[in-house]
Amino acid sequence: MDKFVIEGGAPLRGTVQVSGAKNSALPLMACALLADGPSTIRRLPDLADVRTMARLLRKLGAKVNGPSGQAVIDPKGVNLFEAPYELVKTMRASVLVLGPLLARFGHAKISLPGGCAIGARPIDQHLKGLEALGAQIAFEHGYVEAKAKSLKGTIFTFDVQTVTGTENVLMAAALAKGKTTLRNCACEPEIVQLADALRLMGVGVEGAGTQTIEVEGVSSLKPFLIDVIPDRIEAGTLLVAGALGKGPVRVEGAVREHLEAIVEKLVEAGARIEDSPGALTVSADDGFKGVNIKTQEFPGFATDMQAQFMSLLACARGSSVLTETIFENRFIHVPELVRLGAKISVDGRTAVIEGVKKLSGAPVMATDLRASASLVLAGLIAEGKTEVLRIYHLDRGYERLEKKLSALGARIERTKMEGV
Ligand code: EPZ
């Protein structure tokens with residue numbers, strides 16, 4: 001197992017490139033199952049989760065050429081409609097093949113994803129939406145099975161705004177007979193890109209990016225060619241790193257309207273952000289002041305940026321209150337930050353951070369994707385050496401982060417853990 005070894009305190013400056021968005025690449029790869037020929041997805045990030053999705057699609061019988069930088073996915077050979085436990089347990093986004101398999105082949109069997117570190121993360125809304133389109137849903141031996149001779153357009157309102165739930169039901173509605181109206185949809189930019197792909201495939205989709213999406217179903221979908229949008233969470237993580245390293249750091253690919261809430265909080269805390277075409281440049285030379293944050297669905301402050309921002313607030317002047325409204329257990333990084341000297345107390349979904357003068361390096365353990373990013377950021381400013389163990393969590397969602405940070409001046413390297 002790899003670990004990162006970081007010597008804190010190095011100033012960061014220069015230019016860094018954002019990779020393609022993991023949370024857009026995954027639904028786009030699943031969406032390729034709907035096409036009646038090979039689709040091409042470019043600007044794919046080189047991530048463990050993307051490779052897992054490619055493995056799943058191959059297991060279903062699709063031909064996947066890639067995914068290094070780009071993937072050509074041909075669903076012609078699909079002859080299995082089941083996402084097995086061993087794949088789903090490593091990546092819950094495997095559930096994204098449910099809607100496309102059901103809509104295209106009339107049958108899908110997916111291992112229930114089970115809980116994960118940050119919360120129960122049920123898929124009841126995915127199933128309710130598919131049922132509204134006419135699917136019969138059954139549960140057996142830890143699997144959910146969906147069947148439908150054909151799907152019929154309907155009007156459906158989600159009880160909660162769910163990103164992959166919206167994506168699953170949207171993809172199924174593309175092959176439903178007639179019109180579907182989906183209400184209380186999630187509004188993330190990744191859903192807008194999925195709708196762009198469906199339009200390229202010949203589906204009429206209006207309203208993606210708002211809470212109401214209208215879909216005109218079709219009887220068959222053409223293949224698509226698309227470039228994955230930049231990863232707004234990686235961009236946000238790099239902006240926080242640049243602020244911590246004083247900068248200026250130019251984050252190429254950062255899209256301001258995908259990051260509005262993050263940028264506003266960075267500026268409120270004392271960073272300076274400059275816009276230029278296709279990039280945001282961050283600098284911060286006199287530290288930060290504490291700010292209060294409440295995570296919300298897009299366009300609010302992204303839950304996926306909560307852990308990273310906490311590392312910045314750990315050394316801000318004064319205190320900050322951080323409320324996590326999306327997941328019930330997304331403070332697992334707190335005890336690890338406390339090992340580095342942070343002063344943070346947690347009560348349910350609220351964390352109070354008392355800024356300290358400095359953090360001091362220590363070995364810490366990554367527990368989930370964004371928690372691992374927050375520990376890397378804290379290591380960049382902690383005095384002395386920080387080791388971040390179990391870095392495989394980070395590799396699920398960040399493409400060679402240590403290379404990007406060391407190119408900016410960070411003293412960080414990836415090493416093999418002795419004996420494991
Ligand atoms: C997506 O997960 C992202 N993953 C997550 O990113 C992100 O944290 C999350 O959206 C919220 O923005 C991908 O896009 C692959 P949700 P998803 O369904 O779709 C509840 C990362 O770090 N809910 O929007 O699984 C759920 O429990 C990952 O890249 C139901 O109750 O999240 C949660 O409280 C982590 N029933 C809330 O909705 C359902 O059927 C939002 O979850 C579905 C969700």
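Helices here are DSSP runs of H or I with at least four residues, numbered from the N terminus. The model is predicted.

Start at the ligand. Helix 1 (22-31), helix 5 (124-132), helix 6 (163-173) and helix 12 (369-381) each supply at least two residues of the shell around the ligand. Helix 5 gives the most, with 3 residues. The shell has 21 residues in total, and Q125, T162, T164, D304 and I326 come nearest to the ligand. By type, the shell divides into 8 nonpolar, 7 polar and 6 charged residues.

Now look at the side chains that face ligand oxygens. K22 places a polar side-chain atom 2.9 Å from an oxygen atom of the ligand. For R121, an N or O atom of the side chain is 3.1 Å from a ligand oxygen. For R330, the corresponding distance from a side-chain N or O atom to an oxygen atom of the ligand is 3.5 Å. Taken alone, the ligand exposes 820 Å², and the protein buries 86% of that area.

Next, turn to empty space. Rolling a probe the size of a water molecule over the atoms shows where such space is left. The structure holds 1 cavity of 30 Å³ or more. About 40 Å³ of space lies in the largest cavity. Its lining consists of A21, K22, N23, E190, D231, R232, I233 and R370. The lining divides into 2 nonpolar, 1 polar and 5 charged residues.

Methods: Residues are numbered from 1 along each chain as its sequence is written. This is a predicted model: local features need pLDDT of at least 70, side-chain atom pairs count only at pLDDT 80 or more; totals for chains, interfaces and linings use all residues. Side-chain values use heavy atoms; hydrogens and water are left out. A residue is near a molecule or strand if one of its heavy atoms lies within 4 Å of it. A polar contact is a pair of N or O atoms within 3.5 Å; within protein, one must be able to donate a hydrogen and the other to accept it, and residues adjacent in sequence count only if both atoms are side-chain atoms. Accessible areas come from the Shrake-Rupley method with a 1.4 Å probe; for residues, only the protein chains shown count as cover. Ala, Val, Leu, Ile, Met, Phe, Trp, Tyr, Cys and Pro count as nonpolar, Asp, Glu, Lys and Arg as charged, and the others, Gly among them, as polar. On a 1 Å grid over the protein atoms alone, a cavity is a set of points where a 1.4 Å probe fits but cannot get out, and a pocket is an open set with protein on both sides within 12 Å along at least five of seven lines; lining residues have an atom within 4 Å of a point. Grid points are joined across faces, edges and corners, and a volume is the space filled by probe spheres set on the points.
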